[in-house]
Amino acid sequence: MDISYNWLKEYVDFNLPASEVERILTSIGLEIEGCETREEIPGGLAGVVVAKVLTCEAHPDSDHLHVTTVDYGAEQPLQVVCGAPNVAAGRKVMLATLGTVLHFSDGTELKMKKSKIRGVESFGMLCAEDELGIGTSHDGIMLLDDSAVPGTPAKEYLHLKEDTVFTIGLTANRIDAASHIGVARDLSAYLRYNNLGGRMKYPSVEEFESFTGDSASNYTPVKVSVNAGTTAPRYSGLTISGVKVGQSPDWLKARLLSVGQRPINSVVDITNFVLQEMGQPMHAFDADKVKGRHIVVDFCPEGTKFTTLDGVERSLSAQDLMICNEEEPMCMAGVFGGLDSGVTEDTVNVFLESAYFNPVSIRKSSKRHGLKTDAAFHYERGCDPLVTIYALKRAALLIKSICGATICGDIIDVVSDSSVMEPKKVEINYDRMQRLIGKEIGSDAIRTIMKNLDMNFVEETEEGAVVEVPPFRVDVYRECDIVEDVLRIYGYNNIEFPQAVSASINTGVKPDPEKFTRSASNFLAAEGFNEIMNNSLSKSDYYKSLKTYPAENCVMIMNPLSSDLNCMRQTLLFSALEVVAYNVNRQTNNLRMFEFGHVYSFNPEIRPEDDKTVLKPYSEEQHLSITISGNGSAGWRNRTAGGNFFTLKAYVEQLFSRYGVNVNSLETAPAPVDLFAEGMTYMANGKELASLGQVAAPRLKQLGLKQQVYFAQIRWDVLFKLVKRVKVQFKELPKYPEVKRDLALLINKDVKYSDLYRSAFGAEKKLLKNVSLFDVYTGDKIPSDKKQYALSFTLRDEEKTLNDNVVDSVMNKLVKAFEFKFGAQLR
């Protein structure tokens, strides 16, 4: 948001340099992100001075050049060759001295250098208007009054102005400061509180009353009907006839240019001027193009075609608020005008609109059609509903003055929802406010600042008050909001740091979730993985064909920025695949990545009115994803291994073991086939703990990937609950040796190693310390429905050395258990 220093001085009385105003604005919450000094003429005519022509002789080698000597306020006169027909001795002119950079009216630049023109030296240039950039005339040099004093800088003689433009980093809640009067209000409050002047000077519109219903006009005013209810709480308008549309006066052009707006024509420029002045968007319609001379504020049927001012035909939503005539839409309310209803150079009669529209409706229409306009910027954040008439009068007077227009009839003001114009009432307590402030500044100071901020005291006691907050302060609802405003004006820097700070120590949750997460991150980083971070917003198209994460379970965004970010992600898989695709497309194929992120889901079977303490339709969980892709790389010194399922599985199991989770005690199940071509799922206490495997081809195709990707997703919340149950215990190292025995078992193909593992420990709890699978065989001499597992068993007694009889007894017990439960046969 650009604010002009000179323009600001028209609304608030102060005599401070721009640098001090910059400091004040930042201190009261309107942070200055940039500050630029702008000259009325580029360069400010630095180096150009008033000069008097002392002599003027014909050039010895030209029939149109003259050799002059000029007095420019220095000790010695200067010789200048000039080709202008009106140069003569005794005349006062503008001289560009050596080193001066001239900015011509056509945009070209010229730096003055010592030169020889047909053999005669010239030490400057006598300038025409267009060469100075102050006009277009090139008929001759610019002649000055005889009173001009040689040596006077051109900037001083021409009374050229310079301006400082502040760029304010406006936060979304401070739309009240998105205008010069809005900034002036805050500046005035600060200056008045600190006794630095600061009287507000609002533009007068009293003259308007004498022009209302001007009898000189026979033009029939436009009628207005509002059928949109609370979507258009207030709609004001005025008909103006006899408008002469043309170029705006220089002062109006200069004002708009100072804040980066391009002048268009006098009527449009006036509406833009009022927007910059007081923050009220306005729209000017060509009244003769309003069919039936009737404005209708309403919604159009879904799919109605409408061509906007940029020439683009758009398909309207039934929720887009439109300004229509009796036959068709003319303008997208508060967002963008139509192609055929605006003011042109041929316009004679104008209908001027000044309204307050529902901010949510405007924001949705703006997002829906991808239209970012100044009007939408203001409306969607909340304009002042009380300023519509004032802005209308201000614009009408300017149009009458600049365009020679006549006002027709009275102002039309249709109020559909008067509640938006009512001030908000807030109850305050001075002691409570000062505790929030952190310093006793006194109730008098609080009252003074609040009154300076246009807050009205309705009821007041010694302890506090009930105040009315003006509607233009859309961000002030509570006492703490008022405390923030008081602090802005009082000055945050005036609140001293206390000598002592009181704090309480709270015991944290153990294990610390953050420490637990950091530990896992450090482990994976040490194993060569890179951490990635992705947006929680995703594309709903990813889930259309999935059963594991069906599309109806997506948490949809009501007003998405784009179709690629229209829902919350249900899984980290697609975020990881997007990163893989991004890197592969840039020839980075070998990837090892992990991400901690949240996933979201919606259960459509749970209604919001259900008992929310038991069931919630929306859920959010933290997950950890691990991704491996690529074939590795070979070099003359070393080789980087590629990825496969077992590599990924090893990292997952190592992570589990690191935090005391016994992998072999976990149940397993096949991985979801719509996500993985092959893989497995770990279950803990009936809940899914992790799924991992080789990503299915259809999922890779969605991202245009051709190389294999191995992906694991761990439900971090479930893992954390398992870790919380793990108690670290210490015991002395074993004194007695362990004994190992191997068994080769012929079992059915559907028997899993985890089943054998649990069965072994169920049969022998005291002496059995470990079971491992070291060989799997199928094929020759093995029935087609069988497989052979080679298992290694580790036995140890903590109290004595095992003998053969004990070991054989344990092994027989294990064999019998395997035979009974699985029909296993010894090989």
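**Salt bridges.** I started with a network of salt bridges that links R174, D176, D186, R473, D475, D485 and R488. For a salt bridge I want a side-chain nitrogen of Lys or Arg within 4 Å of a carboxyl oxygen of Asp or Glu. I'm working on a predicted model, where local features need pLDDT of at least 70, side-chain atom pairs count only at pLDDT 80 or more, and totals for chains, interfaces and linings use all residues. Residues are numbered from 1 along each chain as its sequence is written, and side-chain values use heavy atoms, with hydrogens and water left out.

I looked up D475 and R473: their salt bridge is 3.1 Å, N to O, and both residues are buried (under 20% relative accessible area; exposed is over 50%, partly exposed in between, with a 1.4 Å probe and protein chains only).

Searching the whole structure, I got 35 salt bridges. One of them pairs E328 with K291, closest N and O atoms 3.2 Å apart. E328 is partly exposed at 35%, and K291 is partly exposed at 34%.

**Cysteines.** How many disulfides does the structure hold? I found zero, taking a disulfide as a pair of cysteine sulfur atoms within 2.5 Å. For C331, the nearest cysteine sulfur belongs to C324, 9.5 Å away. C331 is buried, because its relative accessibility is 3%. C35 is partly exposed at 39%.

**T239.** Is T239 buried or exposed? I noted it as buried, at 1% relative accessibility. A polar atom of its side chain lies 2.9 Å from the backbone nitrogen of V222. Beyond its neighbours within four places in sequence, T239 has contacts (heavy atoms within 4.5 Å) with residues including Y219, P221, V350 and C408.

Key:
A polar contact is a pair of N or O atoms within 3.5 Å; within protein, one must be able to donate a hydrogen and the other to accept it, and residues adjacent in sequence count only if both atoms are side-chain atoms.
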